Amino acid sequence: MKNLIVASALSLALMGGLVHAQTSPATPAPAKAAATASSDPIVVMRNEQRAARNAFNEAAKPIRAERAATVKAAVDKAVAEAKASGKDPVVAGRVARGQAMQATKPDFDAKMKAITETRRDAMAAAKAKRDAAMANR
């Protein structure tokens, strides 16, 4: 009897979850359009900051991918050499990863500096615009 009750409750919960997943969209299109057309200073600021973060993330992707590829190549080479010489490949990979991250840090930081400053300036400008709009209320 207990198993029947547990099975029934579980099946109802699963069916309810499936129905909910099918009927509630993550972000309704009208609400998203209304949020972008808002004149509320806070909403405008958040939209501008979101756009700045998205632009930063898109610009940072290739820079991060380039560094990851360089580090991966160094790690793969160290692991292969460790296997060939009979050393522990896990330790060799960990050491190589640290050394490669240190070696690529100056170049990575230099490339990230420009887009980081752009994002910071855009975030500050959005906040300043919001502060000015709130002061005029």
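This report walks through the fold, the surface and a few side-chain pairings of the protein shown above.

## About the model

The model is predicted, so local features need pLDDT of at least 70 and side-chain atom pairs count only at pLDDT 80 or more, while totals for chains, interfaces and linings use all residues. Residues are numbered from 1 along each chain as its sequence is written, and side-chain values use heavy atoms, with hydrogens and water left out.

## Overall fold

The protein has four helices and zero strands, and its pattern along the sequence reads α-α-α-α. Here helices (H or I, at least four residues) and strands (E, at least two) are DSSP runs, numbered from the N terminus.

How much of the contact total with a separation of 6 or more comes from residues 24 or more positions apart? Such residues account for 71% of those contacts, where a contact means heavy atoms within 4.5 Å.

## Surface and interior

Of the 137 residues, 16% count as buried. Buried means under 20% relative accessible area, exposed means over 50%, and partly exposed lies in between (1.4 Å probe, protein chains only).

The protein exposes about 10000 Å², and carbon and sulfur atoms supply 63% of that area. Accessible areas come from the Shrake-Rupley method with a 1.4 Å probe; for residues, only the protein chains shown count as cover.

## Salt bridges between helices

Side chains of opposite charge can pair when their charged atoms come close. A search of the whole structure turns up eight salt bridges, each defined as a side-chain nitrogen of Lys or Arg within 4 Å of a carboxyl oxygen of Asp or Glu. One of them joins the side chains of K129 and E48, at 2.7 Å from N to O. This pair links distant parts of the chain: K129 sits in helix α4 (residues 89-135) and E48 in helix α3 (residues 41-85), 81 residues apart. Both partners are partly exposed, K129 with a relative accessible area of 48% and E48 with 27%.

A salt bridge also forms between the side chains of E66 and K111, at 2.8 Å from N to O. Because E66 lies in helix α3 and K111 in helix α4, the pair ties together parts that are 45 residues apart in sequence. E66 is partly exposed at 41% relative accessibility, and K111 is partly exposed at 30%. Together with D107, E66 and K111 are linked in a network of salt bridges.

Where do K61 and E58 lie? Both are in helix α3, three residues apart, which is about one turn of the helix.

## A closer look at T104

T104 belongs to helix α4 and is buried, with a relative accessible area of 15%. Its side chain makes a polar contact of 2.8 Å with the side chain of R67. A polar contact is a pair of N or O atoms within 3.5 Å; within protein, one must be able to donate a hydrogen and the other to accept it, and residues adjacent in sequence count only if both atoms are side-chain atoms.

The T104 side chain also has a polar atom 2.9 Å from the backbone oxygen of A100. Leaving aside residues up to four places away in sequence, T104 touches R67, T70 and V71.

## E81 and A92

E81 lies in helix α3 and is partly exposed, with a relative accessible area of 47%. E81 and A92 are 11 residues apart in sequence, and their C-alpha atoms are 8.6 Å apart in space.
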